[in-house]
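Subject: Structure handover

Hello,

Here is the structure I promised to pass on. Please open it first, then read my notes below.

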Amino acid sequence: MNCNEFQSVLDCCLEERRSPDHSVLSEHAAACADCQSLWDDWLLLERAIGEWNDSREPVDVDLTDRVIAAARREGLVSSKSVSSVAGTRSIPSKRGASHQRSVWPLVVTVALVLLAVLIVFRDRPEQVADVPRDPPTRFVVITDDVPIPNVAIPEVQPDLEHLIADARSAWESLRHRAAEQASDLRVFVPDIRSDMGLDTEYETSPKETPADSDDPMPLPDGVNRAFDFLFEAAEPDEPQTT
Amino acid sequence: MADDVELVQQCLTGDELAMRAFTERYQNLVFSLCLRMLGHREDAEDVSQEVFVRLFRNLSKWDQERPLRPWLMTIAANRCRTALERRSKLPGQNEVALELAGERREHSQHRAQEVDIGDEMELALAQLRDEYRTCFVLYHQEELSYQEIGEILSCPQGTVKTWLHRARLQLAEWLRGRGVVHCS
């Protein structure tokens with residue numbers, strides 16, 4: 001037996017979990033210092049592992065209760081199964097509670113947003129009313145006796161007549177307000193855009209009002225172009241005053 | 001195997017009784033491995049509990065065509081390695097463990113007037129790297145094959161052989177240093 005064969009035999013014995021032929025290996029180990037060292041280690045471990053395994057105390061453990069309790073905390077135990085722990089909250093209710101906890105902030109947030117939107121839109125006409133109404137240099141006079149187009153209305157049920165009348169009234173009111181708003185906006189529209197090199201068609205920010213410009217300035221051409229249709233609709237027969 | 005499949009399917013529904021039966025069936029296997037790996041009973045109980053909870057959480061991932069035991073051992077070995085890593089990061093833990101082991105050995109010596117090789121082995125195992133110790137325990141205690149250990153530790157069989165060989169060399173060196181010799 002040479003050293004390679006010696007090593008190979010030990011490896012096979014380890015892998016196959018069997019004890020080697022001591023006499024053969026001892027004979028070779030006696031003639032080779034390196035193999036003697038390997039052989040001594042082998043014998044030492046053979047004994048040590050044997051005693052180590054024998055010294056293993058018999059396992060006496062019962063982990064079922066703590067494992068089930070931990071699994072219950074993790075939500076792994078079904079509520080339908082038998083519960084041996086009194087007073088333990090069932091998993092679905094725990095999950096449900098968690099779900100409800102996660103939904104409530106969303107509901108409250110949505111409610112707050114809706115409330116804010118309602119407040120803003122409810123207060124909007126009042127805010128517009130607070131705008132200082134300096135005498136405009138150009139405004140539209142709209143009277144309540146706007147002529148109603150003479151359109152033949154077919155005979156319809158009374159309810160429908162009311163509906164049509166309401167719609168017409170709403171349209172007149174809307175038209176009136178829109179024209180008013182358009183003339184009010186005039187106050188905030190100074191004619192400085194050409195000086196600032198801005199686009200004269202769209203730049204209407206009130207922040208650009210010069211500090212020394214207290215008086216309203218005339219509207220430039222084109223600013224009211226967007227409102228022309230309102231003027232035409234509201235004042236078809238009356239001339240605009242400046 | 002068929003029993004395992006049926007039991008696992010019941011556990012998957014969250015059936016408490018099935019989970020209890022499963023735990024009772026495998027708790028000795030898991031706990032003994034954890035005890036050998038960690039050398040501390042309370043730690044072994046904690047890690048064993050973790051093992052079962054993790055297992056119940058991941059039962060649906062178990063390939064029912066393959067045996068359950070290696071899969072369970074994989075989870076247990078990994079949990080033990082994690083616990084050992086966690087323990088090694090705590091200052092002074094190794095020293096405390098060595099002191100406890102030393103006291104136990106001295107007490108054992110005083111009682112029997114001879115070296116307790118089982119205790120020396122525990123002490124020597126505590127000195128090994130985690131992967132060497134895991135290999136050694138799985139091979140010599142759980143009697144798993146190289147292939148099974150390789151699957152558990154996610155490494156090739158050659159690596160398992162190398163780790164086991166190094167573990168044995170270091171253990172032998174430690175035992176010799178402690179005056180343990182084989183009786184020829």
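Let me start with one helix pair across the two chains. The axes of H4(A) and helix H3 (residues 41–57) of chain B come within 9 Å and cross at roughly 45°. Axes here are lines fitted to C-alpha atoms, for helices over the stretch in contact, and angles run from 0 to 180 degrees between N-to-C directions. That angle makes H4(A) oblique to H3(B). The scale is this: under 35 degrees is roughly parallel, over 145 roughly antiparallel, 65 to 115 roughly perpendicular, and the rest oblique. The crossing of H4(A) and H3(B) is right-handed. (A crossing is left-handed if the near helix is turned anticlockwise from the far one by less than a right angle, and right-handed if clockwise.)

Which residues make this contact? From H4(A) they are A:Arg66, A:Val67, A:Ala70 and A:Ala71. From H3(B) they are B:Gln49, B:Phe52, B:Val53 and B:Phe56. Contact means that the C-beta atoms of two residues, placed from the backbone, lie within 7 Å. The residues of this contact divide into six nonpolar, one polar and one charged. For these classes, Ala, Val, Leu, Ile, Met, Phe, Trp, Tyr, Cys and Pro count as nonpolar, Asp, Glu, Lys and Arg as charged, and the others, Gly among them, as polar.

Some ground rules. This is a predicted model, in which local features need pLDDT of at least 70 and side-chain atom pairs count only at pLDDT 80 or more, while totals for chains, interfaces and linings use all residues. Residues are numbered from 1 along each chain as its sequence is written, and chains are lettered from A and ligands numbered from 1 in the order in which they are written.

Confidence comes next. The model scores ipTM 0.76 and pTM 0.53. Chain B averages a pLDDT of 83, and 84% of its residues score at least 70. (pLDDT is the predictor's confidence in each residue, from 0 to 100.)

Now the chains. Chain A has eight helices and zero strands. Chain B has nine helices and zero strands. Helices (H or I, at least four residues) and strands (E, at least two) are DSSP runs, numbered from the N terminus. Of the 242 residues of chain A, 12% count as buried. In chain B, buried residues make up 36% of the 184 residues. A residue is buried if 20 or more other C-beta atoms lie within 10 Å of its own, exposed if 12 or fewer, and partly exposed in between, with C-beta atoms placed from the backbone.

Back to the interface. The contact takes 28 residues from chain A and 36 residues from chain B. On the chain A side, the elements giving two or more residues are helix H3 (33–54) and helix H4 (64–73). The largest share of that side, eleven residues, comes from H3(A). The side of chain A that touches chain B holds 16 nonpolar, six polar and six charged residues.

H3(A) has its own partner. H3(A) and helix H9 (residues 157–177) of chain B pack at an angle of about 85°, with their axes 10 Å apart. That makes H3(A) roughly perpendicular to H9(B). A:Asp41, A:Leu44, A:Leu45 and A:Ala48 of H3(A) make the contact, with B:Arg168, B:Leu169, B:Leu171, B:Ala172, B:Leu175 and B:Arg176 of H9(B). Seven of the residues in this contact are nonpolar, none polar and three charged.

Inside chain B, H3(B) also packs on H2(B), at an angle of about 135° with the axes 8 Å apart. The two are therefore oblique to each other. Their crossing is right-handed. Residues that meet here include B:Phe31 and B:Leu35 in H2(B) and B:Phe52 and B:Phe56 in H3(B). The contact of H2(B) with H3(B) divides into eleven nonpolar, three polar and two charged residues.

- B:Leu29 is in helix H2 (residues 16–38) of chain B. It is partly exposed, with 16 other C-beta atoms within 10 Å. Its C-alpha atom is separated by 8.6 Å from that of B:Glu142, 113 residues apart along the chain.
- A:Arg17 has a positive phi, near 55°, and is not a glycine. With 10 C-beta neighbours inside 10 Å, A:Arg17 counts as exposed.
- B:Ser154 has a positive phi of about 55° although it is not a glycine. B:Ser154 lies in the loop between helix H8 (146–153) and H9 of chain B.

Best wishes
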